[in-house]
Structure formats: structure tokens, C-alpha cells
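User: Hi! I'd like to go through some labels and ask what stands behind each of them.

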2 protein chains.
Amino acid sequence: MAEQKFVYYFGAGDSEGDASMKQLLGGKGANLADMCTLGLPVPPGFTITTEVCDLYYKLDRKYPNGLTEQIEQNIQKLEKATGKTFGHGPNPLLVSVRSGAAVSMPGMMDTVLNLGLNDETLPALIQLTGNERFAWDSYRRFMQMFGDVVLSLEHHDFEHALQSVKDRRGAKLDTDLCVEGLKEVAAEYKKVYEAAGKQFPQDAREQLLAAVTAVFGSWNNPRALKYRALNEIRGLLGTAVNVQTMVFGNMGEDCATGVAFTRDPSTGENRYFYGEYLINAQGEDVVAGIRTPQQITTAGSREWAENNSVPEDRRKADFPSLEEAMPECFQQLDQIRAKLEKHYRDMQDIEFTIEQGTLYMLQTRNGKRTAAAAVKIAVDMVAENLITEKEAVLRVDPKQLDQLLHPTFKKEAEAAAVVLAKGLPASPGAAKGQIVFSAHDAETAALEGRDVILVRIETSPEDIGGMDAAKGILTGRGGMTSHAAVVARGMGKCCVAGCGDVVINYKEKTMRAGDIVLKEGDWISLNGSNGNVYKGSVDTVNPQLTGPFGTIMALADKYRTLGVRTNADTPHDAEVAVQLGAEGIGLCRTEHMFFEGERIVAMRKMILAADEAGRKKALDLLLPVQREDFIGIFKALKGLPATIRFLDPPLHEFVPHDEAGQEEMAKAMGVCAQVIKDKVDSLHEFNPMLGHRGCRLGIFYPEITAMQARAVIEAAYAVPGSKPEIMIPLVGAVKELTHQKQIVLDVYDEIRKEKGADLEYFKIGTMIEVPRGALTADKVAEEADFFSFGTNDLTQMGCGFSRDDAGKFLQRYVELGIYEYDPFQVLDQEGVGELVRIAAEKGRKTKPDLKLGICGEHGGEPSSVKFCHKVGLNYVSCSPYRVPIARLAAAQAAIQYA
Amino acid sequence: MAEQKFVYYFGAGDSEGDASMKQLLGGKGANLADMCTLGLPVPPGFTITTEVCDLYYKLDRKYPNGLTEQIEQNIQKLEKATGKTFGHGPNPLLVSVRSGAAVSMPGMMDTVLNLGLNDETLPALIQLTGNERFAWDSYRRFMQMFGDVVLSLEHHDFEHALQSVKDRRGAKLDTDLCVEGLKEVAAEYKKVYEAAGKQFPQDAREQLLAAVTAVFGSWNNPRALKYRALNEIRGLLGTAVNVQTMVFGNMGEDCATGVAFTRDPSTGENRYFYGEYLINAQGEDVVAGIRTPQQITTAGSREWAENNSVPEDRRKADFPSLEEAMPECFQQLDQIRAKLEKHYRDMQDIEFTIEQGTLYMLQTRNGKRTAAAAVKIAVDMVAENLITEKEAVLRVDPKQLDQLLHPTFKKEAEAAAVVLAKGLPASPGAAKGQIVFSAHDAETAALEGRDVILVRIETSPEDIGGMDAAKGILTGRGGMTSHAAVVARGMGKCCVAGCGDVVINYKEKTMRAGDIVLKEGDWISLNGSNGNVYKGSVDTVNPQLTGPFGTIMALADKYRTLGVRTNADTPHDAEVAVQLGAEGIGLCRTEHMFFEGERIVAMRKMILAADEAGRKKALDLLLPVQREDFIGIFKALKGLPATIRFLDPPLHEFVPHDEAGQEEMAKAMGVCAQVIKDKVDSLHEFNPMLGHRGCRLGIFYPEITAMQARAVIEAAYAVPGSKPEIMIPLVGAVKELTHQKQIVLDVYDEIRKEKGADLEYFKIGTMIEVPRGALTADKVAEEADFFSFGTNDLTQMGCGFSRDDAGKFLQRYVELGIYEYDPFQVLDQEGVGELVRIAAEKGRKTKPDLKLGICGEHGGEPSSVKFCHKVGLNYVSCSPYRVPIARLAAAQAAIQYA
């Protein structure tokens, strides 16, 4: 049996790896090999595979058999290729040892440079470079790095030793130390080793193996673990280790080092070569901020100078571009830039070093970019024939699109703002306004033309008007799917929810965050994309939906097969959503139609009524206004379908729970306050989520269902071409649907007879949101034209989480890895998804053409959208501002699972 | 193709049906045919099948082709057998037309007697019987019955006509009317027909078809529908119609009619032939209560006389037994009695008529009986070699057993008592006591030796002590699975729950039911088996668990394969349950271990603690008392296993919600009341059912889990042979279990090291009560030694019903047939059962020997127990007093599904 290959060599014309081997060699290793094959100037080296890292942990931190032998073979190969010898003079081979996983984790794992220096190779290096100071500095740096990274000696002890020498010699900066000083430092470093009972190894091979071990060990250091958790990086074997011949950008004025992007990572524009470099410096100096980095191109340099008010003569003298300072190297680099983009067919992030006038490439990888840049680059590259349309669609992360759909803060303004508190990023965007503490005040302020932020402990359906009037919403309680969050996302309005850091006092109209107390009228700003609450007014910029954004959306529509509808309750929302590409309404909640203005009075009369006759009388008042609402919606949709959910929330949401409110209601109804109080008490439920709501209301009060049916159907007759789909909520047993459907059909029959004509289009279906409804979907399908999965409630009941309460432990659950994601944000495919799968399968078994959709919050979350595609749904429905995200995710799913 | 057979003839030696054809011929028809075949004296006739009834409705109330022809053929056959002619003299054939479904529905459907009388056959009947009065009385009765039943004329109009003749003639009773008077009545009846525009049909065949139609029509009359709903009679095609030659018990002193049971239906004793008869009477007279019925046997007659203080001479003269009055008929009947019991191998309920000295059998069927009688008869019949042991086990309805396990009211005392209100029969039995309105008062009264009924709007875990101290519990709110109901059933304590008829005022310490206001100290009595609340003290009798009851239980244990455990939280409950046959504890809730006495102080300290150290300090106080609790339970179980569920309820159940309580707690804790109020507020949840409870607590506060684990494990070491099974509640994702299990195992490791020995038996499992847990059971099983299905919560989440709130609409749901039963009482096999099935299948796929049990309230409900057997569970667990029910149901399942 052939021995497993653990080490892959890379070097001019002799690379064993290639770009396709990222999983095995890590991103860095694969691309280094690839660049060699491309004929680019890469210092040769070799990569120890990620499989070794995996084995290292599986073997309880031991190396697999054969690894050291393969490393030795590669060192010999490297010696041959470079003509240098490892650990010995006169031409010593020095190497860097770097981590490199399949997914980039910058700065998270360990690196050792200058490895191979010892008492023998140091003089050789001096001899060779004629630069004694450089050699000694490299040596003492290596000692420190090795001690710190490999032997876990105290970083602090090295710093202390260095400082003591500097103090003794009156040196301010490290660079002030002369050769003698650096020698002293090296001597002091040796003492640090000795004090810890360790020895600095003179043997280069011993150095190397120890460094490799250290890199593998750093794969699971707390910093790396945290980074992977935060960035949701999963499923990797481990890190690879890249051992590469050292090149030096700090050997003199003919040396340099830099990083660059092949296009502007912020805007995506392909204007010029975007990057920075420093002469006579090491890689880390560019980003360390001690020296001002210079621009790669002269055009870039001039722009930089302008922005920073640096006169041209000073710029040219002190901050010349690479183009100006090292024109030949620049030309070579610029050619490489073109070659790399053509080869990788994506914007690249590259690192290079120039050693004594010779350019070396140390890294290339796909560059990180903003959403705007991602869209622009993808669209441009299609135009440039670099990538296909499908590739362009796959290039943009749907989640990122959110950035493009809402106002954002000006970068500098936000950076300068005072963070008051941090809540949940419940609905993205940026908003600023004066604080108000009630929906009513928000509406009044809006009428006065003032921008306000509505600050509430939590919101309820009664607050809708105020939420609409406010520029942004801040709540002290509630999670990502609390009322405030859901409604705000629906409105496309910035919202920070569940901000436990602020104490809200309605009575005194104050909001306290730490020591800062804000009053009504004070300005705050909200970043709904990261949850930050800022003091004062922070400047914002508006989104751009044209240009590349439109192009990428058109491509998405070309390739997706999953429909995308919107959750919208008003003509305005419907219009916005249609503009954003919605193909109809997937969920029109009718609750608000019982709240606004005078309607709540009628609704309350109905609730108070002693009998059916009394209820009908009250409902008669609601019929014409609801009909008008539906007419508005049908008109806004211009022939697109609208799924209208009948009354869902428990009745106690429609009555006031405070004494003052009850007294007011008593006056309005002409009854004693006690009557109201008794009624409210009788409506109290321990678990309203599992209480008397949804179709259970319609079954108890068929007249409500009949009224809503009449309003929808009459509106549909009034607007030719409208496509009503009545949706009965909370069905758990088929007979609930049968019962409600009969009421709707009876009303339809009556109206049909009056009108003397059928509706062209009319469907009745149900929401599958109770687990039992999913489990008995074969039966439910007998009565339904369509199912719409209400994955919010399905998650609540399926997982047993109240979305109003679970916030306080769900975050911990995700931290502990009990759930990979908050199941209210990302559909829990294993559990709740299983119910969706079961229901889809059972439902289609009964009725093969059953239309299936999803209208929970998940309808706008990319991975959930992809799940919906896979499981065979017909459409997803999401809040208007998530429609583009869903369109893109759907297209990606269609391409990925074709 | 042969024509479908719609009509089955029965008569001496010529019956087409038999006892196995109950579904087709109805119970009455099948048994009439069967009795003919047995050679018993049955007036011949024929049965129109239940299929015809079904077709009649399917054909929109029309007869299927061929029916009238088949009826005609059978009439001719009947004429031939009896030598009479239908509708004509001189020997006219009169028939009865009676309903008869496969399941007995006494009095619910229509009957027509004396059919065939008309102007021609009346004189013939007079001629034939020489009894003009009898004939005219039969005629006018037939006219009335036919008009009422078949033509839907007003019953009232006939009564009025009869009364007017009686008034005119000064007759007090119907029997006071002479022949002339009866003729006048017949004439008046004709006018009633005419006034309604109807005619009394002279044609006997026309009469017959109309009567058959009427019987079919009565299958779906409101009375019959209601009866079937109440008695849960489902799945029948319809009623059969029995047309049978009339015999008359009212033709003179040599005629009689009676009903009898072959054994005592009340006690089951086989002492003598138990029944009543009347001389010269029609069947309905025996039960009508106008005349005092006489006993069949002389022994029975003497006992009756004694009980009713009738002297022997008067008894013999006025109330002779059949044995005395018609000794030959009695002998014949007694032989038939023996024959029927031997043939049907069950106690029979028979009807007979003696016409002019000749005995006719009109009906036999299995007799209804009390639970005590059912048990006694089954056991006796095994001893008599009439039935097998398995049959005996199947003969007793497990639900009925409840009657035998609790005190009951004395029949007469209950009949005489004033019903104050009616609630839900939440926990069976009878109880009487003085009203108290708080748990504390109940405990005080119990200490004083007073019997009290605890009356609460609803109960909470804090009331446990008072519930235990009270004789019975009455609540104004909550359903069959409310806290009060569940706890009371667990205690075997009488409870009437959700009694909305009473208004409870804690402040004034009054309870109002309609106009009656009761104060603290007033006596009430509760019937937990039917939900009645009585004014005053109603006398009770105690249950008997020995004798036949013990025998039938032993038989059940012999045949069942499903284990039966109990839900018990205390050593006392465990002992009671073991006495009732429990094979261990399937659910030991540990909540109360945090409540009693000083414990709640420690628990509250834990809740208030700011950090883990503070919580641990408080928990250290709880450890020794919980350990003692578990030692007590293990001792009581004497080596039987105990599944112990770790802390489940949300923390807010442990803190006071009223101001006074909070102030008291503040004092006890040495903090400001505001601190308590803030803490309580912070613990508030909108849907506590779906909130921070179950293992979610243990994951947040691992120290609670660790403390409980230590208490259980140390107790297990302290009681050799104990079998602890730790159950982690509310697991929805396997990692929750992994997390909690690790804590338990760590504690076990620690203790094991201290003790230097392993526990002989130690298991860790989980409750499957979250739908997601069921859906991902394959994964959960990887970490679990056992699953216990918590079907209460599985029903709450699976169906989306809060058991605290659903009462108000679930009843309506059952009435509307949306659910067949209240899913909290009877496991919803289609929905929730599907989750159980999925979880059992997935769990066993991962771990074939996974132990599966159920510990919801359904574990003691017979049909649910049978489902558990079918689905392959290892055991059910139920409250102690339901253990015998579960044992019997399990045995029946094993026999039925063998």
C-alpha cells in the first residue's frame, strides 16, 4: 500500500498541488501551488495537509507515521531548488511557517518567521547580506516569536527584556538599537528561555517540527474557536501548514512589501489597482499603523493625497506610489494582477514582497468586499466575459443585500458616535430621531413633521400606527421575532429590539442607559443592522437600487424556479414589495383591519356583545371598511394573487389591559368599567400562543369568518382580475378547515347569486403552523387548495419556544451549540423542516398539484429559502424589503441543486 | 347477478340470521333469529337490514330497488307460518315494528305496535279474542302511535282528544273508559288526522312501509344523535327494522309481560332470577311506574316485600311472584334463562310476554351492569367454566373500574341531594366536607380533625399541602388536565374542576352558585365521577378491593405484556400505587421537593442569588432534604425502578405574585420588596408553557442539575437495591440531553470515587414531550437509556392547545366533532400518536433495546393504553388509582392484538 501523502511541494514548474485542493492544502497552500504553476514568482516551499492536522488531534496530539520523513524529503527538495542549506551556512535556507485553512481566518492562528536561524546560520546571513543589523534583528525576532508561539513562554518577558536593553542604551524605538544592542537583546532572550527551563533549539529541523506542532495547536486555540463560531465556519478538517522560503522586504531601500486588491473592495469599481505598500518593511508593518502606507498606483496616490490634503510635491517626495518608486516591479505586479483575475475569475486580495529589487508573490485569495462591491464586480465580470451569469448569481451573498436596501449611517459619522447601548439587530437600516414613548406621540410628532424614534418596553398591535409614523423603533424586551421586530421588518423600518441595556420609564418619559438618562425629545440614532443605539443624530445615506443591483436581480429572476411573494397588510406595503419584485402577497394579515381608528370600537363592541345578533351588528360596521381595505390591496396588486389570512390573534389583544384604558372603553361602550374588567379578565389566557386564536375564533364566532369572507369576496368582485386566496389560520385538524371553508363557500354562494357570475379566481387554503396540521396533512389537503407554512408558529410549537420569551435562553443555546442558529431566524431544518417535509409529502400525496408556500419570517432568510426550494415548495413569502434577498437565494438554490 | 338480500326472516326452525350478524341485523334482530334457532318460543317475523337504512340515506331518503318486493315475500311467509292474514280477517296478522341497531340505544328510536289494524281487522280481532274492549283499546293506541310516530302529528293533539272523552265520561284513568268511550276516542283521533290534512291508512301494507320509513327516519332524530354522541357510539351503518307478529300480555288475567336479568345487574350475584313482571299488561307498563311491578321469583318477591315492609299475606295476595302466579310459565322461563346464559355465555337482559298462558320471548341481549357486577359475573363465569380467562378479562370495561376504587355516594342519599352546580369530573370519587378557601386553612382544619373541601378559583403548586389535607377539591377554572385535576388524580382525591357555575370570592370567603351563597364552614359534597356539586353532607360508602376485583386483576396481570408504573412523588403515593399493582414509578416529579416548608425559602434564595456561588449555597440547603425524599421513595419501592424527573416548572412558579407575598418574601430574604418585585417581573413569561423550563433551566443553571443528581445518586447508594432512572425533561434537541447527562455523569463519577463502588443500576433518559424531540428521536436516542412520552405536553405543543386555557373551546370542538375526544383525556392517536409512533420507530432504529414508556395523563386511559401496547411501548405510567385500569386495559390489548 502506498504511503499516504502528507506533504505537497510547490515551486517554479514543480508544484504538486493546485487551486482545486483547498480542502486539503488550505486556501493559502493551494493558491501558492497554483501561482507557481502559473509561472508567478513565488518563493518555493511545501504544504503539510489539513489531514495531518486532523490526524494530529485524532492521534492525541501525535504525528502520523511517515510525516517527519516526508518533511525531510521536502526540505531536501527545497534546498536543491534554492541552492541553500537548511540550518547551515554559508547560504542558509530560512523559512516561514504559516497556518492556512480552507477558509481564511486572518490572524487567528500562529505564524513563525525566519525559522532556520541559529548560531551557525546567523554569521552566514550577515556574510551573505552584508547587513549585520538586519541579521541580528531577524535573529532576535525569531527567538522571540519562537519562544512565544512555539514554547508558550510569556510574551511579556520578551517585551521586558527588550525594554530593559532599550532603557539601558537610551533607545526610544526598536529601530534605534544598533547591532550591539540587538546582540544584547538576543543574550537577554536566551535568559528568558533559561528562566523558564527551556532551551532555544539550535537544530533547524527541531525548530521546524516544533513550529509545525505549534501551528496545529493553534487550530483549536480559544481565539480561533471563537472566530470560527462567530463566522459560522464549520466542517473543516483543520489547518494546513505552509513552510516557505523566506524573502525579505526589509533588507534596504530596494526592498518593499505590500497588500493589494485587484478591484476596489468597497465599491467594486475597476478603476485602478487598489492597494498599499511600504519600502524597507515587513508585511505586518503595512497594517500596523506606525508608518503611513503608500499607494500602489500613482492615480491612487494622488487621490489619497487630495483626501488627506498632502501637496503633490510632498506626496511625491515622501509618499510616492509603487508605480513611481519601483516602476519595473510595479509593471510586473500589474501584469500579475491581470493574470490572477483572469485565472481566478474573481477579485483577488494579494500579498507581495520585493527583496532587493525582485518581486515575490506571497499570497492570493478571493478578496472580501462590501455588498455593493460584490454586486458590481459580479455584474462587471459577466460583461467582461470573465464569468457566466450563473456564476455571477452565486457570487453575491443574499444576506449582504440587506445592506443595499436600507439607509445606512455615514461611515465616519457612525465611527465617531457614542454607543449608548446594544440590542438585537431586529430590522436593518439606520434611523435617527427624537425619542417618543408612545405610539400616539409618534403619530402626533409625525404630523408635525418631526422625525422620531419610538421607544417602547415592548410593542403591541395597538402601536402599529405609531410604528409606522416613527423613523425607527427601539424596544427593551423581545427577540428577533417579537411583535416589534416582525412588524418593523414588514415595514422595512429600522428596529433595535430586546435592548436590555436601557431602562424605559413611561411615567417619567425617560430612558436610561448606564449613567446616561435621556428624555422625550432627545435625539438618538439606531443601527438596525448591528443593534447599536447611538446618542444624538448620526448622518445617514440612502440606498441605490438601480444599476448593477437591478442587473443582478434580473439574472436571479432568470434562473430561479421558486416564486417569491411578500407579507404585506396594506396597499402601500404591497406596492413597495411589487417594486422590489414580489409576485403577489403570500400573507396579508387582517388584524390591523380591526384596530385602526374607529374600527377598534366596533371590534370591542363585538367582543362585548352577549350573543350572535349583537356580534353581527358590530361586525356590520367593520364589513365596509374591510372591504375597502381589500379593494385597495387588490388594486395595488394589479392582478397578482393575494393570500389573505383571516383573524388570528386572541381577542384579548383587542381590549385594554390597564385601568385607564378600561375606563375609557367603558365610557365609549356605555357600560360600567367593571363589565369591561370582567370581560378582559375572562379573556385572560395563561398561554395565549396556544389559546383561543386562529380558526378557533372563527369556529366559536362563525359570524367573524362570514364577515371577512364577504369583505374579501365583494372586494374581489369590485376589482376585476383580482386573485383572492383565503387562508384559514391555525388548522390542526381537517375538520376545522371543513367548518370554516363551508362558511366561506356559503357566503360566496350568496354573493355569486347576487352578482350572477363566478369569480375568475378564488381559492381557499390553510396555514400549516400547528405540528398536528403537518402530521395530518394528507387529511387537511383534502379540503385545501393550498398550504402556507407558518414557520414562526411551527417553530414555536415544534420546538416548544415562545418567541416572546425564548430570547433569554436561545442566545445561550446558540452559544452552547445546542442549536446551530436561532431557529426563529434560520429555519431549523432538522426538526421544524422535518414537519414541513412531512406535510409537503403527505399533502401532495393527497393532492399532487397542491400549492405550497411559506410565509413565516424564514421566507426571507437565504438558507431557509434554499431549503424551501429543495423541499419542493412553490413559493416563499417574506417582508417587502427581503424580497430581493429571497429572489437571489432562490436563484442560487436553483443553480446549486439543478 | 343475485339481488342484494335486504330482509331476513326469523321463526321456528326457519331463521335466516344468527347471533353473529349484529352489524347487519342489529342486536335485537340477530338475537331474535338466534333464539328461534335455539328452539325458543319467539313470535315469528323478519328483519330489514341496517344496510337498507344506510342506503335509505344515501339514496336521499328513498328505498333501494327490490326492498318492497322482499318485504312482501316475507309477509307472505309470515302469513303462512302463523296461519293469519295481514290486513284482513278473519284471523288478522298484527305486527310490531321496532328499531334495533348493532348497539343498544334503548328508547331512542321509534316503535309502532299493533300494526295491521284497520276497519276490517278490528271486528275480526274482537271476534277472535272475544274481548271488545281490548281490541278497541289496541286500535286507538295504534292510531295514536302511528299518527305520532309515522305522520309526525302532534302528540299533544291525541292527548287532548283522549282527555276530552275522559272528561265527558268522567273517567279518571284510561282504563276507566269502556268500549263506547274507546270508540269515541277512535273517532276523535280520526278528526286529529283530518285536521292535519292526513288520513289514517286502512291498507296494512301502506301502514307497514310508512312505519319502516319512520323507524329509519328516527335513526337521525336529535334524541338518537345526542344519545350516540354521549355514549360515544360510532361507526354504525344505521338501524335495522324488526317486523314481528304481535303477542299480547294485556288480553286478560292469563296474560303477562316482564323483563328480567339472568343475574343481579347491580351486584353480579347469581342468587336468583332477577326481574319484574305485571299481569295483564303491555311491556311499557312495567317501567312506566303506574303499577307496582312484581318479582319473578318467590325469593326475590319476599326480599322485596321485606325491604318495602309489605306483610307476607298481602304480598302473596297482591304482589305474587311469577313463580307463584304462573308456575308453569315460570318453569319454562327459568329453563330458558339457563339456556340463554349457556348459549350467550353472558348475563342476559330478556323481555317476555305471556299471552293466554303461552310464553313468548321478545328479546334477549347482554345485560348492562355496574362495575362491581361486571367483575363478579366475569370471575364467576370463569369458575362456572362458561367463559375463558381471556374472555373474562375482556368482559370488564376498564373505565368502569374507577367506580370500584373510590368512595361513592349512597345511591338514595345522592338522589335526594340538591345539585348546586356542575363542573368537570376531574378526579373520581365522592367527598364531603366544610368549605375552606385557602390551602393554609385546609391544613389547619385537617389538623383540627375537620373534613374540608378546598374551594379555589384555580390551584398552584403552592397549594399542594392544602390539597392533600382536604377531602376533595373544587375549582372554578381549569380543565381536565389543570393543575388541580392532575394533582388530585395523582392523590386519588375527589376533584371537580373548571366549575364555571360557581363564583368564588376569596376576600369575602364566599362561593355563589346561582342564588345560593355559601360561606366558609358550610358543608358541600362533590361527585368527582360526574362533576356534581351538592349542598350539604351526602353520605358515602367505601370501596372494596378484595374478592372478585383481586381475581380479575390477577387475570389481567397474567395476560398483559405492557408494564404498568405509577406517577408518584412521595413514599406514600408510591406505596399506595404498589398496592394497586404498580411495577415502579414512571414519573416522580421533583417540584414539590422545592416547595414544602423551609425548602421554598432556600429555593427563593437560589432564585434571587446573583451568581453561581450564591445559587450553590442555596442549593446546598436543599441537597440533604431532597436526598432524604429520594431515600424514602427508594425504600417504599423495595427494589422497583423509579424514573425521577428533574426540575421542570419555570422559576416564576416558585415566587409570590401578590404584593403581600412579595413583602413577606422580602422580609425573609432580607432585601427590599422592590428587589423581589423586579425579580418576579423579570421572570414573567407570556407563554410559560413554552418558556424557560425543563432542561432549559438545568442548562442555564447546571448547579441545579448537579444538586439533584447528587441527591438521587447518594440516596441510591444509601438504599441498596434501589433502581434510579434520571429523566431530563423537555428535551427537543439531543445536545440538551448531552449537556445535562454530562453533569449527571460527572456527579456520579465523583460519588463513585468516594464510595469506591458502582451503582448496580443507574439509567439516564429523557422525556419526549416536545414535537422536535419526537421528530429527531433517532438522534436523541444516541444519548438516552430510555424515553418516556410526556403526552400532556406533547398534546399541548402538537395540537397547539394550552391545557390551562383550552377548556373553553375544546368542549365545543368535541361537540362539533372536530376532535372525537378531548385530546387531554384520550390520546389523539392520529396526531399526537403519530409523533409517538415516529419517535418510537426512530428511537428504536438507533437503539433497538431503547426502553419506551408513557407518563402523561393518558397512561391511565384505556384506549390510550391499548395504543401504547400496539405501538410497542414497554410500559405506561399513571396516577396510583388508575393503575388497575391500566393493568386491565393492557391485558385486553394483549388479548385483542395477539
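Analyst: Let's start with a pair in chain B: B:Glu16 and B:Lys5 form a salt bridge, with their closest N and O atoms 3.0 Å apart. This is a predicted model, in which local features need pLDDT of at least 70, side-chain atom pairs count only at pLDDT 80 or more, and totals for chains, interfaces and linings use all residues. Residues are numbered from 1 along each chain as its sequence is written, chains are lettered from A and ligands numbered from 1 in the order in which they are written, and side-chain values use heavy atoms, with hydrogens and water left out.

User: Why is the contact of B:Glu16 with B:Lys5 called a salt bridge?

Analyst: The term asks for a side-chain nitrogen of Lys or Arg within 4 Å of a carboxyl oxygen of Asp or Glu. The closest N and O atoms of B:Glu16 and B:Lys5 are 3.0 Å apart, so the pair qualifies.

User: What makes B:Lys5 partly exposed?

Analyst: Buried means under 20% relative accessible area, exposed over 50%, and partly exposed in between (1.4 Å probe, protein chains only). B:Lys5 has 33%, so it is partly exposed.

User: Why does A:Asp346 count as buried?

Analyst: Its relative accessibility is 5%, so A:Asp346 counts as buried. The side chain of A:Asp346 meets that of A:Arg369 in a salt bridge (2.8 Å, N to O).

User: And how do you know whether A:Arg369 is buried or exposed?

Analyst: A:Arg369 has 19% relative accessibility and therefore counts as buried.

User: What about A:Glu659?

Analyst: A:Glu659 reaches 62%, so it counts as exposed.
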